[in-house]
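This report concerns helix packing and the surroundings of selected residues. The sequence and the structure are shown first.

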Amino acid sequence: TGSFDLFLEYQGSGRTISGIVSGLTGGGTFAVTDGELRGINPQAFPLVIRAVDAGLDLHDDKIREVFLNHMAAGSLGFKRIEGTVTLIGGRLSARNVVVDSNRADIFGSAEVNLNDWTLNGDFAVKVDPGENAVTGAEPQVGVVFNGPVEAPVRTVDISPFTAFLTLRAFEQEVQRVE
């Protein structure tokens, strides 16, 4: 949700609609203000950290299951999402998309192929670990969108977060032994 501002400047020519679309070129900017991203709950990070502290195994499958359940159960309010867009060869690309939110940092890029109406997006979601900070890793996940524009499939890569949890557990064990 949010208020959407879009500035586009494109030109193209062709003998058919698909020829015009594939020949479009141009660029622009976009911004979404005062909105909410549903299905992205930054509280999933501290909730999984607490679950690991309570005995949750540090196996990718277990971490993924718990993380995805918590992530889907909430939303992320934001002040602003902004980026630039380019259109070349029938591909609309949004690079360096940044989400301005107090609760999480989100950045990445997306591309819509206008010839077949497919979406490919790759974003990183990162939170401030606060007192759970460790040197060499951050609580972060990758979120990838692929498929038709009307129903893309979301895949979450939790490996950076699992690395953070593993390093944190190692540091806690070292402190306990010392």
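## Basis of the description

The model is predicted; local features need pLDDT of at least 70 and side-chain atom pairs count only at pLDDT 80 or more, while totals for chains, interfaces and linings use all residues. Residues are numbered from 1 along each chain as its sequence is written, and side-chain values use heavy atoms, with hydrogens and water left out.

Helices (H or I, at least four residues) and strands (E, at least two) are DSSP runs numbered from the N terminus. Buried denotes under 20% relative accessible area and exposed over 50%, with partly exposed in between (1.4 Å probe, protein chains only). Contact, and likewise packing or meeting of residues, rests on heavy atoms within 4.5 Å.

## Helix α3

Helix α3 comprises 13 residues (60-72), which at 1.5 Å a residue should span 18 Å; the end C-alpha atoms are 18 Å apart, in agreement with that value. The expected span is 1.5 Å times one less than the number of residues.

Ile 63, Val 66, Phe 67 and Met 71 are the buried residues listed for α3. They lie on the same side of α3, because they cover an arc of only 130° around the axis, the arc being that of the directions from the helix axis to the C-beta atoms. The face turned away from this buried side carries the exposed residues Asp 61, Glu 65 and Asn 69. Packing partners of the buried residues of α3 are α2 (44-53), β7 (140-148), β8 (153-157) and α4 (159-177).

## Helix α2

In α2, burial is found for Ala 44, Phe 45, Val 48, Ile 49 and Val 52. Seen down the axis of α2, these buried residues fall within an arc of 135°, so they line one face of the helix. The elements against which they pack are α3, β6, β7 and α4. Just after α2, Gly 55 adopts a positive phi of about 120°.

The packing angle of α3 and α4 is about 110°, and their axes are 10 Å apart. This makes α3 roughly perpendicular to α4. Axes are lines fitted to C-alpha atoms, for helices over the stretch in contact, and angles run from 0 to 180 degrees between N-to-C directions. Angles under 35 degrees count as roughly parallel, over 145 as roughly antiparallel, 65 to 115 as roughly perpendicular and the rest as oblique. The crossing of α3 past α4 is right-handed. Asp 60, Ile 63 and Phe 67 of α3 make the contact with Phe 161, Thr 162 and Leu 165 of α4.

For α2 and α3, the angle is about 140° and the axes are 9 Å apart; the two helices are therefore oblique to each other. Their crossing is right-handed: a crossing is right-handed if the near helix is turned clockwise from the far one by less than a right angle, and left-handed if anticlockwise. Here Ala 44, Phe 45, Leu 47, Val 48 and Val 52 of α2 meet Ile 63, Val 66, Phe 67, His 70 and Met 71 of α3.

Lys 126 belongs to strand β6 (residues 118-126). It counts as buried because its relative accessibility is 18%. Neighbours within four places in sequence aside, Lys 126 contacts Ala 104, Asp 105, Phe 107, Glu 138, Pro 139 and Gln 140.

Thr 1 is situated in the segment before β1 (3-11) and, at 51% relative accessibility, counts as exposed. With neighbours within four places in sequence again left aside, Thr 1 contacts Val 32, Gly 35, Glu 36, Arg 38 and Phe 78. A distance of 32 Å separates the C-alpha atoms of Thr 1 and Ala 163, which are 162 residues apart along the chain.
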